[in-house]
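Subject: Structure handover and notes

Hello,

Here is the structure for your files. My notes on cavities, packing and backbone follow it.

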Amino acid sequence: MATIDRHATALALAHALSAAERGLAVIPLSRAKLPALRSPHHEVPPPAPCHGECGRPGHGVYDASTDPLRIRELFAAAPWATGYGIACGLPPHHLIGIDLDTKSGADASAALRELALRHLFTIPETVVVTTPSGGRHIWLAGPPDAVIPNSAGRLAPGIDIRGAGGYLVGPGSRTEHGAYGTVPGTAHLPPAPCPPALLRLLTPPPRARHAAPAPTDRPPAPQGQGLVQFVLAAHEGQRNTRLFWAACRAYENGIGETLAPQLVDAALHVGLTDREAHSTIASAARLTGHARGGHDLA
């Protein structure tokens, strides 16, 4: 059991209640930025995915609430929580998070500016959250009928998207690496509407229905082998990043579970340990909303 920091927990609860007053649904988070409450199904998996229908807490973002009584109950059940997560995609704001990361070595802010110039949009004045690593979370409001998926690096290197089923670490949270805050002058702004041109980039295209391909003598290429080769081509210093990127693409394309063993083998081949490989793939599953139990990384 982690050491309980009652002061940090009290501050996190206060910030979470303040966010809830603004219509933002919240959950308690641990210092590792994960949902603080363990799944009630961790020992005996349910016959079908449970998103809280059992009535017990511990379902990650599906526990998120704006009800002060419910929020206090969640934090009381997790006295080790030092932060809170804000669920994306829920009314009234239908929050979309643009996560500009600094850990990958990419200049995510420059990449976003380039996208804005290329697609003719500007980021409006809105809440901007600072992260301990020097990154930023830009909060935007989406339309009620848009379902924005979570993604990592799909828009541009270093830009992750938090949408439906995901969450953002709330300002005032404390983690293993430091505290989250807000850029001065933005804390009390409402999430600004997402520019239409950016929204089009974030919205996945409708799946096209293709006619059955004509038979050929060439056997079809195994699905996902390009992602495996992408990992096998990694040099030292980029192995984790390549594995994470490939695993995210695999989960987004619906082949994550199938391809995971091959991605692990590729990661071992280029020098990662078995633990590193499985941990990285698990992170990709959480970020893209495919983790068992419904937990997503922030």
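How many cavities of 30 Å³ or more does the structure hold? There are two. Please keep in mind that this is a predicted model.

Cavities

The largest cavity has a volume of about 50 Å³. Its lining includes Gly23, Leu24 and Ala25, together with Ala87, Cys88, Gly89, Leu90, Pro91, Pro92, His93, His94 and Leu95. Sorted by class, that lining comprises eight nonpolar and four polar residues, with no charged ones.

Backbone

Two of the residues that line the largest cavity, Pro91 and Pro92, are joined by a cis peptide bond, with omega near 5°. Pro92 sits in the loop between β2 and β3 (95-100). His94 belongs to the loop between β2 and β3 as well, and has a positive phi of about 50° although it is not a glycine. For context, most peptide bonds are trans, and most residues other than glycine have a negative phi.

Leu120 also has a positive phi, near 60°. This leucine is in the loop between α3 (108-119) and β4 (128-130). Which of the two words, buried or exposed, applies to Leu120? Leu120 counts as exposed, because its relative accessibility is 75% and the cut-off for exposed is over 50%. His94, by contrast, is buried, because its relative accessible area is 14% and buried means under 20%.

Packing

The largest nonpolar core has 32 residues. Val26, Ile71, Phe75, Tyr84, Ile86, Leu95 and Trp139 have the most contacts inside this core. Two or more core residues come from each of α1 (6-21), β1 (26-29), α2 (68-77), β2 (83-87) and β8 (167-169). Helix α1 gives the largest share, six residues.

Leaving aside residues up to four places away in sequence, Trp139 touches Leu24, Ile86, Leu95, Ile96, Thr126, Val127, Val129, Leu168, Pro171, Pro191 and Ala192. Of these contacts, Leu24 and Leu95 are also among the residues that line the largest cavity.

Regards

Terms used:
Residues are numbered from 1 along each chain as its sequence is written. This is a predicted model: local features need pLDDT of at least 70, side-chain atom pairs count only at pLDDT 80 or more; totals for chains, interfaces and linings use all residues. Side-chain values use heavy atoms; hydrogens and water are left out. A nonpolar core is a set of buried Ala, Val, Leu, Ile, Met, Phe, Trp, Tyr and Cys residues joined through side-chain atoms within 4.5 Å. Buried means under 20% relative accessible area, exposed over 50%, partly exposed in between (1.4 Å probe, protein chains only). Helices (H or I, at least four residues) and strands (E, at least two) are DSSP runs, numbered from the N terminus. Contact means heavy atoms within 4.5 Å. On a 1 Å grid over the protein atoms alone, a cavity is a set of points where a 1.4 Å probe fits but cannot get out, and a pocket is an open set with protein on both sides within 12 Å along at least five of seven lines; lining residues have an atom within 4 Å of a point. Grid points are joined across faces, edges and corners, and a volume is the space filled by probe spheres set on the points. Ala, Val, Leu, Ile, Met, Phe, Trp, Tyr, Cys and Pro count as nonpolar, Asp, Glu, Lys and Arg as charged, and the others, Gly among them, as polar.
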